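Here are my notes on this model, in numbered points. Please read them with the structure open.

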Amino acid sequence: MNAIFQLKRDPFGKLVLTNAEGEEFVGVTPVRSFPVQAPTKGISLVRDGGKEVAWIDDIDTMPADIRSLVTEELDGREFMPEILSIKGVSSFATPCTWTVKTDRGDTEFVLKGEEDIRRLGTYSLLIADSHGIHFLIRDMFAIDKGSRKILDRFL
């Protein structure tokens with residue numbers, strides 16, 4: 001599939017979008033519409049002030065060069081480790097320290113209160129630690145039994 005725009009980096013590392021009419025927009029930023037449920041679909045390219053200049057229905061259908069630039073930019077801006085298992089908690093009362101295995105390695109974080117665990121749809125959870133870092137549990141029913149047991153105490 002051919003894109004209806006071109007995308008490149010300028011010498012300063014900013015993304016430059018050239019639309020079908022030849023207009024150039026320097027410093028565009030990709031923004032996911034559904035970062036958890038559909039991370040490859042619905043990506044808006046916005047310029048300063050948040051005005052949309054291009055839309056990507058599905059990044060997987062874009063030419064490799066555009067897909068690479070957009071993915072690289074998103075990866076540099078977004079940091080949301082996915083919890084694969086919960087190894088333990090210091091207490092079932094908050095605040096408490098959670099020891100978890102994530103897709104980016106093992107870590108510990110402090111959960112200030114149960115209100116810092118938010119449901120995203122039917123299966124997903126978003127957990128904010130005491131520093132504001134968000135951890136994702138993509139499917140709370142798919143994690144191991146021990147992790148699920150710990151999680152149930154907080155839900």
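**Notes on rings, cores and the pocket**

1. Tyr 123 is partly exposed, because its relative accessibility is 47% (buried is under 20% relative accessible area, exposed over 50%, partly exposed in between, with a 1.4 Å probe and protein chains only). Phe 141, at 48%, also counts as partly exposed. This is a predicted model: local features need pLDDT of at least 70, side-chain atom pairs count only at pLDDT 80 or more, and totals for chains, interfaces and linings use all residues. Residues are numbered from 1 along each chain as its sequence is written, and side-chain values use heavy atoms, leaving out hydrogens and water.

2. There are five aromatic pairs (rings of Phe, Tyr and Trp, the last by its six-membered ring, with centres within 6.5 Å; planes under 30 degrees apart are stacked, over 60 edge-to-face, the rest tilted). Tyr 123 and Phe 141 have ring centres 5.9 Å apart and planes at 85°, so this pair is edge-to-face. Tyr 123 sits in the loop between strand E10 (117-120) and E11, and Phe 141 in the loop between E12 and H2, so the pair ties together parts 18 residues apart in sequence. Helices (H or I, at least four residues) and strands (E, at least two) are DSSP runs numbered from the N terminus.

3. Phe 92, Trp 98, Phe 109, Phe 135 and Phe 154 make up one aromatic cluster.

4. The largest nonpolar core has 18 residues (buried Ala, Val, Leu, Ile, Met, Phe, Trp, Tyr and Cys joined through side-chain atoms within 4.5 Å). Ile 83, Ile 86, Trp 98, Ile 127, Ile 137, Leu 151 and Phe 154 touch the most other members. Among the elements giving two or more residues to this core are strand E7 (83-89), strand E8 (96-102) and helix H2 (145-154). Apart from it lies another core of 16 residues, including Phe 5, Phe 25, Leu 45 and Val 70.

5. Val 16 lies in strand E2 (residues 15-19). Val 16 is buried, with a relative accessible area of 3%. Its C-alpha atom is 4.4 Å from that of Val 26, ten residues apart along the chain.

6. The largest pocket has a volume of about 330 Å³ (a pocket is an open set of points on a 1 Å grid over the protein atoms alone, where a 1.4 Å probe fits, with protein on both sides within 12 Å along at least five of seven lines; lining residues have an atom within 4 Å of a point; the volume is the space filled by probe spheres set on the points, which are joined across faces, edges and corners). Of its 14 lining residues, Arg 32, Pro 35, Glu 78, Met 80 and Arg 138 lie nearest the centre.
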